[in-house]
There are 2 protein chains.
Amino acid sequence: MAKINRSCVVGAGTIGSLFAGHLGTVIESTVLTRRINHAHDLNIRGLQVSGKSDLHSDIIASTDPEDLGDIDLVIIATKANAVEASARRLAGHFPGAAIMTVQNGLGCEEVVARYGDWPIISSVTFMSGIRHADTHVEYELDTATWMGPWAGGKADYELVQQIEKLLKASGLKAKAFKDLLPAQWSKLIFNAVVNSVAALTDLPHVKAFAQREGFGDLGHLVYAAMDEGKRVAAACGVELFEDPWEMNVEATSHGQSGDEDYAHAPSMLEDVRAKRLTEIDWITGAIVREAEKAGIAAPINETLYRLVKGKESSWVFNNPYKN
Amino acid sequence: MAKINRSCVVGAGTIGSLFAGHLGTVIESTVLTRRINHAHDLNIRGLQVSGKSDLHSDIIASTDPEDLGDIDLVIIATKANAVEASARRLAGHFPGAAIMTVQNGLGCEEVVARYGDWPIISSVTFMSGIRHADTHVEYELDTATWMGPWAGGKADYELVQQIEKLLKASGLKAKAFKDLLPAQWSKLIFNAVVNSVAALTDLPHVKAFAQREGFGDLGHLVYAAMDEGKRVAAACGVELFEDPWEMNVEATSHGQSGDEDYAHAPSMLEDVRAKRLTEIDWITGAIVREAEKAGIAAPINETLYRLVKGKESSWVFNNPYKN
């Protein structure tokens, strides 16, 4: 592939803004927005990144892909539920671009592939931030984004290495994998359990998620649910990159922040608190579907999955204005 | 046993008030209260029952069992979590009385037996009401209370039949069983699933609990969880009186109320909405413990159990005044 000169981020939420802001320091960074005001503000003010980075980038933004010119790399950084709508907007545009998906869970690459024959790169990101405004994002956890060629498409490892270099040059952490599935599944199992347990209990990711002493301790459930996820991965022929339970113990040991009282609120918990549709179908639902395909039982993940679906339906049922 | 002349209800919430109010029409009805004001009001105003019954009874009430005189029948109608405290207050009193427990779940009889050698009657009730005041309860669902001699004690079937006659004479529906376990377990499995799924999804007992068409439908979970409960019952040598899944289909078909929009909010959902400790340890927790004793797996009920325990702990964790 030729040099990557121009990028386009679709979905400039927290993660998307972190990508667009950093990339703007090394190449031309564009953003495809939904809101006209969002594009307007980005065009006038650019993007400020504070926190772990301290930078400002000029941004070219529009609600219409036609306005953005030629693009070499598209990063779709919306929530999983919005990937289909994003891909539909990209259809027929950016013929020379590679597209990288950065969603939680499994299955977004297939959705993108239905709208064009771009090379597709799978990725999972562990970075996090706080979005203070359309034009200002704070870079919180400066952890890596992992990328690999999507097995169902025509992207190759060299392209992934090129993007790795670009992201690193822009100040982000990145790692290219020949096969991302082992890492993707490790994060999938971790997310499927931590997100749905948090969403259902209204607990952020606290130490209790790793405690297995008392009979009622939550760690028993988290352990058993992750163990079940690992059996599903094995049945799908995936050898995990990291052990999800160890990721869970590590994440709840609070080494990273140094603050004893800090506990991360997983995105699904934030969604449930805001009564927004969650990514459950892409995360825990993906494990349930893969288990079904592989012909093995996954009763715990199935229970978590259906409870979150039930919780989503309660917002409609309990809405006093429904009639 | 001699004639039952005087009863004492411990825990005059909705169910306790329904018992005390009806019994007062045929025998002397006393109530052991926690609050002095509650006893005071009952002594002055008695108990009014409206709705399916229309009656008024004089009540003798006190916070001290010594004030209530001889008692032939004690009905403990508190929530399961309060049975221990109630039994402790009864210790050393009412030597001639039989004690009937009316809690959800399993295990309250053992707790009572630790505080005295009264004959103990197990019961489960399906009646419901609305408590408008300390001295007024509305009788809503006039369904039966089922009773049987507790297998761990010295109560016999004749005593249970005597109580059945007494309750019927007072205007309540009642049915004596030689062995209550089959009925108790049917209700246990039903309650364990319906209550915890409602508590976790924030859905009342709506039709969705019986729907099994779509992949994400809640009925799949309810069915699988009840099926698991049935396997636990079988492993414990209990043959069920009614099929919990059929009870679920029946209860969500709304035949009883005739109101299409009506859906019952199970008590555990009410507890969770009010951030009160639930009866999870006595209900879903009982199934998990019995499964463990019988050496069989119950992953779905275990998941429901630990999620509700986690939810209870979130009220402490998320309390902004905790420090």
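I began with Tyr223(A), which is partly exposed at a relative accessible area of 32%; here buried means under 20% relative accessible area, exposed over 50% and partly exposed in between, with a 1.4 Å probe and protein chains only. Before going on I noted that this is a predicted model, in which local features need pLDDT of at least 70 and side-chain atom pairs count only at pLDDT 80 or more, while totals for chains, interfaces and linings use all residues. I also noted that residues are numbered from 1 along each chain as its sequence is written, that chains are lettered from A and ligands numbered from 1 in the order in which they are written, and that side-chain values use heavy atoms, with hydrogens and water left out.

**Aromatic pairs**

I looked up the ring pairs next, taking rings of Phe, Tyr and Trp (its six-membered ring) as paired if their centres lie within 6.5 Å, with planes under 30 degrees apart counted as stacked, over 60 as edge-to-face and the rest as tilted. The count by this rule is twelve aromatic pairs over all chains. One of them is the tilted pair of Phe215(A) and Tyr305(B), with 5.5 Å from centre to centre and 45° between the planes. This pair crosses between chains, since Phe215(A) is in the loop between helix H6 (181-201) and helix H7 (218-235) of chain A, and Tyr305(B) is in helix H11 (residues 299-317) of chain B; helices (H or I, at least four residues) and strands (E, at least two) are DSSP runs, numbered from the N terminus. I found Phe215(A) partly exposed at 28% relative accessibility, whereas Tyr305(B) is buried at 1%.

I then returned to Tyr223(A), which forms an edge-to-face pair with Trp245(A), 5.0 Å centre to centre and with 80° between the planes. Because Tyr223(A) lies in helix H7 of chain A and Trp245(A) in helix H8 (residues 244-252) of chain A, the pair ties together parts that are 22 residues apart in sequence. Trp245(A) counts as buried, at 10% relative accessibility.

I also noted a cluster in which ring pairs link Phe126(A), Trp146(A), Phe177(A) and Phe241(A).

**Charges over rings**

For these I took a charge to sit over a ring if NZ of Lys or CZ of Arg is within 6 Å of the ring centre and within 35 degrees of the ring normal. The charged end of Lys187(A) sits over the ring of Phe126(A), at 4.8 Å from the centre of that ring, and Arg212(A) lies over the face of Tyr223(A), 4.1 Å from the ring centre.

**Helices against H11(B)**

Which residues of H7(A) and H11(B) meet? I found Leu218(A), His220(A) and Leu221(A) in H7(A) against Thr303(B), Arg306(B), Leu307(B) and Gly310(B) in H11(B), where contact means heavy atoms within 4.5 Å. The two helices pack at an angle of about 135°, with their axes 9 Å apart; axes are lines fitted to C-alpha atoms, for helices over the stretch in contact, and angles run from 0 to 180 degrees between N-to-C directions. H7(A) and H11(B) are therefore oblique to each other, given that angles under 35 degrees count as roughly parallel, over 145 as roughly antiparallel, 65 to 115 as roughly perpendicular and the rest as oblique.

Within chain B, the axes of helix H10 (residues 284-294) and H11(B) come within 9 Å and cross at roughly 135°, and H10(B) and H11(B) are therefore oblique as well. The contact is made by Thr284(B), Gly285(B), Ile287(B) and Val288(B) of H10(B) and by Asn301(B), Glu302(B), Leu304(B) and Tyr305(B) of H11(B).

I looked up His93(A) in the loop between helix H3 (83-90) and strand E7 (98-101) of chain A, where it counts as buried at 18% relative accessibility. Leaving aside neighbours within four places in sequence, His93(A) is in contact with Pro65(A), Glu66(A) and Trp118(A).

Phe94(A) lies in the loop between H3 and E7 of chain A and is buried, at 6%. Phe94(A) has a positive phi of about 50° although it is not a glycine. Most residues other than glycine have a negative phi. I noted Asp202(A) too, with a positive phi of about 65°, in the loop between H6 and H7 of chain A and partly exposed at 24%.
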